[in-house]
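Trainee: I would like to learn how to read this model. Where shall we begin?

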Amino acid sequence: MIPVQFDPSLPAVSVRHAVKTFGVEEKAGRLWQRLTGANGVVQHKKRSIRAVDDVSFEVHRREIFGILGPNGGGKSTLVRLLSTLLIPDSGTITVFGYDVLADERTVKRLLNRVSVDAAFFKKLSPLENLMYAARLYGVDPVAARRQTFEILQRLGIEREAVTEPMEEMSRGMQQKVAIARAFLTQPVLLLLDEPTTGLDPQARHLLWDRLYRLKQRGVTLVLTTHYMDEAEQLCDRLVIMDKGKIVAEGRPRDLIKQHVSSHVVEVDIANGARSVSERPELAELTALAKRHERHQDRLLLYVDNGEEVVAKAAHLLPDAETLIRRSTLEDVFLKITGRGLAE
């Protein structure tokens, strides 16, 4: 297969004002009427959900770009738009200068996608599935067979399992095969939609290492994930999506510095008063923070001088347990949206 030519000066991905709306049909009436079809009439109502709402960003060549957000935030829909699996209602999306609508076949040759719902021939083995993919992408069959065993073994799949039917493998093992398929086909752009879901910690770190190696070889990667440590470890830049919109964009540490603070001090106030203002010690602590939150029996203090605040808390509340941790992207998301990434 002849390699696709592209202009290296263009961004790997360019998204301009992309919109994708889905129509959802709802049945009106009381539950018993909807279940039984009482009176012979069941009313149907339609409402629209804008999964991607006027989204714009660029992904640079040879970078790992993250898309974070809660379930239903629009990130998986966005990945499907990039991979040509969905058509945008409006806006433009290009991959190395090729439009996902006008140049769909060319775009497909430039990328591969890994997702938790990866499709396989379940009656066939990992080896047979990967050899089939290699043929579709024009990979030399001798090299493909050798690389298949190497990649799968590095991901923790024993040699004997490589020739067993996929249907006998766990979901986590099937996810490893999906990752191996993407590596084998050597894409210029790799889209990873929750790639480490179902993987054990060792396999996650092995995958991280492989992704770094791909980046060093010039591959551009777009990653969606719920794991904040994964995003901070891997991503050069990222966007945070909520309700179909981009609510923040930048480098992980820059976003943390901009929206929260360098540290979070957690003070156990299980035996304390209901209101922070009811205890002068707690009020004195909150005065040292950029921002504070009360969560049941914990007081969270967002500060830049974490060690000083811990020492102050130990002095003011000697019987209270105090912890200090580095601020994370989840703190950023909570600050911006008021809810967690898993919600």
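Mentor: Begin with strand S3 and strand S8 (residues 220-224), which pair in the parallel sense over four bridges. Strands are DSSP runs (E, at least two residues), numbered from the N terminus. Two strands pair if DSSP finds at least two bridges between them. This is a predicted model: local features need pLDDT of at least 70, side-chain atom pairs count only at pLDDT 80 or more, and totals for chains, interfaces and linings use all residues. Residues are numbered from 1 along each chain as its sequence is written, and side-chain values use heavy atoms, with hydrogens and water left out.

Trainee: Which residue in S8 stands opposite Phe65?

Mentor: Val222 does. S3 also pairs with strand S9 (residues 237-242), in the parallel sense over four bridges. There, Ile67 stands opposite Val239.

Trainee: How many residues of strand S3 are buried?

Mentor: Buried means under 20% relative accessible area, exposed over 50%, partly exposed in between (1.4 Å probe, protein chains only). In S3 (residues 64-68), five of its five residues are buried. Both faces are covered: Ile64, Gly66 and Leu68 lie on one side, Phe65 and Ile67 on the other.

Trainee: In what order do the four strands of the open sheet run?

Mentor: The order is S12-S13-S11-S14, with antiparallel pairing. Strand S12 (291-295) and strand S14 (322-326) are the edges, each pairing on one side only. Strand S11 (residues 263-268) and strand S13 (residues 298-303) share six antiparallel bridges. Among the partners, Glu266 bridges to Leu300 in S13.
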